[in-house]
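I opened this entry to keep a record of what I looked up.

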Amino acid sequence: DPTRRRVKEVIHMAVFLSFLLMYLFGLAGYLYAYDETNGNILLNFDRKDGIILLGRIGCGVTTLFALPMNALPCREALLSWVAQISESRARRAATKEERKQLLERRSGNEYKYIAKSFRKSRTMPSERGDDCTTNDEDEEIGHNKASNYGANDVLVHQQVDQRMIGSPIAKSPEAVMSEEAVHRLATFSIVLVCYVAAVQAPGVAIVWDIAGSCLAFLIQFILPASCYIRLKLRAKASPMSRHLVLAQVLLCFATITAVLCTAQTIWRLGSKW
């Protein structure tokens with residue numbers, strides 16, 4: 001029986017166990033060789049060590065299967081970014097009515113937009129060969145107010161659902177081939193860039209330094225705190241509420257720390273080269 005409190009307990013326990021496991025492994029690796037520990041601790045051991053060889057094989061297999069799993073979200077984000085740019089250009093060149101339709105779809109009112117289009121198609125029984133009727137309550141489809149539904153509204157609601165999620169839009173063979181070509185090209189480009197960057201990087205420690213000093217603060221602290229503050233202010237919360245003030249303090253501290261750590265990492269890497 002999942003509840004909000006139990007879900008929070010599971011999340012907190014999972015995060016704590018992950019932190020404890022990673023911290024113990026990192027501490028054990030540092031205590032093994034102290035300042036002589038390499039960025040890849042497996043390089044501190046003899047190449048003929050059988051147990052360490054198993055560790056190298058496991059690391060290689062993990063990387064082999066992790067790369068496709070990481071490449072797919074990157075590809076979807078890349079294609080989504082390209083689609084958003086194309087949509088933005090189309091919106092600028094569109095007329096006022098077309099721009100209104102694009103904004104309705106973009107703002108989450110696509111369900112209402114499709115429901116209205118479906119209602120218009122139901123007003124032409126001569127073309128469909130049936131005697132469908134409409135009423136004024138059909139205008140409210142898409143507002144998700146079940147208490148105001150009549151029998152006819154429920155029928156239209158189900159038919160719109162089928163159009164949205166049950167009947168995929170048929171694509172021409174040329175469009176399917178073009179989409180597959182774009183996906184393959186994007187996947188190949190991402191994997192190629194990752195391969196070149198991995199070969200050119202002097203060591204994995206540099207990657208972890210940059211990711212830990214910049215991206216870790218951005219993903220774990222800056223973005224969540226910014227989204228929380230934005231949602232609270234949009235909900236007309238008091239600017240001096242305890243949670244909002246703590247989120248602002250966390251945002252400022254994480255931003256300053258990320259800038260200082262990134263600058264220190266870049267300076268240290270520059271001094272080595």
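**Largest pocket**

I looked up which helices line the largest pocket: H1, helix H2 (50-93), helix H7 (173-200) and helix H8 (204-234) each supply at least two residues of its lining. Helices here are DSSP runs of H or I with at least four residues, numbered from the N terminus. The model is predicted, so I kept to its limits: local features need pLDDT of at least 70, side-chain atom pairs count only at pLDDT 80 or more, and totals for chains, interfaces and linings use all residues. Residues are numbered from 1 along each chain as its sequence is written, and side-chain values use heavy atoms, with hydrogens and water left out.

H1 gives the most to the lining of the largest pocket, twelve residues. The lining has 44 residues in total, and Gly39, Cys59, Val204, Val207 and Trp208 lie nearest the pocket centre. I noted a volume of about 2,200 Å³ for the largest pocket, a volume being the space filled by probe spheres set on grid points joined across faces, edges and corners. A pocket is an open set of points on a 1 Å grid over the protein atoms alone, where a 1.4 Å probe fits, with protein on both sides within 12 Å along at least five of seven lines; lining residues have an atom within 4 Å of a point.

**Salt bridges**

How many salt bridges does a search of the whole structure find? I got two, taking a side-chain nitrogen of Lys or Arg within 4 Å of a carboxyl oxygen of Asp or Glu.

Arg5 pairs with Glu9, the closest N and O atoms being 2.8 Å apart. Both lie in helix H1, four residues apart, about one turn of the helix. Arg5 counts as exposed because its relative accessibility is 52%, and Glu9 as partly exposed at 44%. The cut-offs are under 20% relative accessible area for buried, over 50% for exposed, and partly exposed in between (1.4 Å probe, protein chains only).

Arg75 and Glu76 form a salt bridge at 3.2 Å, N to O. I have Arg75 as buried at 15% relative accessibility and Glu76 as partly exposed at 40%.
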